[in-house]
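Welcome, and please take a look at the sequence and the 3D view. A short briefing follows, grouped by topic.

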Amino acid sequence: MEASRPDTATRILDVSERLFVEHGFEATSLRMITQQAEVNLAAVNYHFGSKDALFESVFMRRLAPLIASCLAELDELEAREEKLSVESLVTTFIRPCLALSKDPARGGALFVRLLSRTLVENHRLLRETISQQYSVFVQRYSRAFHHALPELGVEELAWRMHFAFSVMFNAFAGNDVLKIFTRSQIVSARDPDMIVKYLVPFVVAGLVSPVEG
C-alpha cells in the first residue's frame, strides 16, 4: 500500500526546514520552496502568509516541544535535588537536544542543525520569537544557574551562559570542524553521542572556572 502524502502545509514546512539548513534563511527563496514542495506560491501565502511567518512556523512546531522537554527535566531535577550542580543543569538542556536529534519524527538532527545554525547566526526572527514566547525558559535557566553558581555576579554569569549556550548550539550545528584536527574516520562531530560525551565536561569547566581577580 502506498504511503499517504503529507498534507500541503506539512510538505511546505518539511521542505523549508531542509532548505533553510542547506542554504540559510536569506539564500532560500520562496521559488525554491514551492518548486521542491510541488506547490504554488498561493499555497504558501494561504497557509503562512509570508516567508518570515513560514520561517517562524518551521521553528515553532519543533521548538515548543523541545523547550517543554527541557523545562520538564529542570522541574524534575529541582524536585529531586536541593542543591543543583552545574553538570546536572547542563544535562537538562543537552539530554532533550540529544533525544530530539535521534528522532526524525520530531525533526531529528536536521532541526537541531537548523536551530543551532540560526542561533549562531543570531537571526532576528528567531531571537525575537524566543525572547517573547519563551522568556520563562530563559528566566528559569538563568535563575537555576545563579543558584548553582552564587559566587558569580550577574554580568559574569550572563557572559558565561552566553558562551556555554553558544558552544552547545554550535556543537550540534553539524559543522564538522573536528576534521581539521583529526583524520580518523571513526570520529565525527556529527555523532550526537560523541558530542555529548565531550561537550558536557567542556561546558561545565567553563561555567565553574575561578573568577579572575
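## Asp 193 and the rest of the fold

Asp 193 is partly exposed, with a relative accessible area of 39%; buried means under 20% relative accessible area, exposed over 50%, and partly exposed in between (1.4 Å probe, protein chains only). This is a predicted model, in which local features need pLDDT of at least 70 and side-chain atom pairs count only at pLDDT 80 or more, while totals for chains, interfaces and linings use all residues. Residues are numbered from 1 along each chain as its sequence is written, and side-chain values use heavy atoms, with hydrogens and water left out.

**More on Asp 193**

- Asp 193 sits in helix H10, which covers residues 192–208; helices (H or I, at least four residues) and strands (E, at least two) are DSSP runs, numbered from the N terminus.
- Leaving out residues up to four places away in sequence, Asp 193 touches Leu 98 and Lys 102, where contact means heavy atoms within 4.5 Å.
- Leu 98 lies 95 residues from Asp 193 in sequence, yet their C-alpha atoms are 7.5 Å apart in space.

**The whole protein**

- The secondary structure comes to 10 helices and 0 strands.
- Read from the N terminus, the elements run α-α-α-α-α-α-α-α-α-α.
- The protein has 213 residues, of which 42% count as buried.
- Among contacts between residues at least 6 apart in sequence, 71% join residues at least 24 apart.

**Helices H1 and H2**

- Two packed helices are described by the angle between their axes and the distance between the axes.
- Helix H1 (residues 8–27) packs with helix H2 (residues 30–37) at an angle of about 145 degrees, and their axes are 9 Å apart; axes are lines fitted to C-alpha atoms, for helices over the stretch in contact, and angles run from 0 to 180 degrees between N-to-C directions.
- On the H1 side, the residues making the contact include Ile 12, Val 15, Leu 19 and Phe 20, and on the H2 side Met 32, Ile 33, Gln 36 and Ala 37.
- Sorted by class, the contact of H1 with H2 has 8 nonpolar, 3 polar and 2 charged residues; Ala, Val, Leu, Ile, Met, Phe, Trp, Tyr, Cys and Pro count as nonpolar, Asp, Glu, Lys and Arg as charged, and the others, Gly among them, as polar.
- H1 passes H2 in a right-handed crossing; a crossing is left-handed if the near helix is turned anticlockwise from the far one by less than a right angle, and right-handed if clockwise.

- Helix H8 (residues 135–148) and helix H9 (residues 154–171) pack at about 115 degrees, with 11 Å between their axes.
- The crossing of H8 and H9 is right-handed.
- Tyr 141, Ser 142, Phe 145 and His 146 of H8 make the contact with Leu 157, Met 161 and Phe 165 of H9.
- That contact has 5 nonpolar, 2 polar and no charged residues.
- Ser 142 is partly exposed, with a relative accessible area of 29%.
- Apart from its neighbours within four places in sequence, Ser 142 is in contact with Leu 157 and Met 161.
- The C-alpha atoms of Ser 142 and Ala 158 are separated by 8.0 Å, and the two residues are 16 apart along the chain.

**Cysteines**

- How many disulfides does the structure hold? There are 0 disulfides, a disulfide being a pair of cysteine sulfur atoms within 2.5 Å.
- The sulfur of Cys 70 has its closest cysteine sulfur in Cys 97, and at 5.4 Å that is too far for a bond.
- Cys 70 is buried, with a relative accessible area of 1%, and Cys 97 is buried too, at 4%.

- Ser 88 is found in helix H5 (residues 86–101) and counts as buried at 14% relative accessibility.
- Beyond its neighbours within four places in sequence, Ser 88 is in contact with Leu 77 and Glu 81.
- Glu 38 lies in the loop between H2 and helix H3 (41–47), and counts as exposed at 56% relative accessibility.
- Phi of Glu 38 is near 60 degrees, a positive value in a residue other than glycine.
- Most residues other than glycine have a negative phi.
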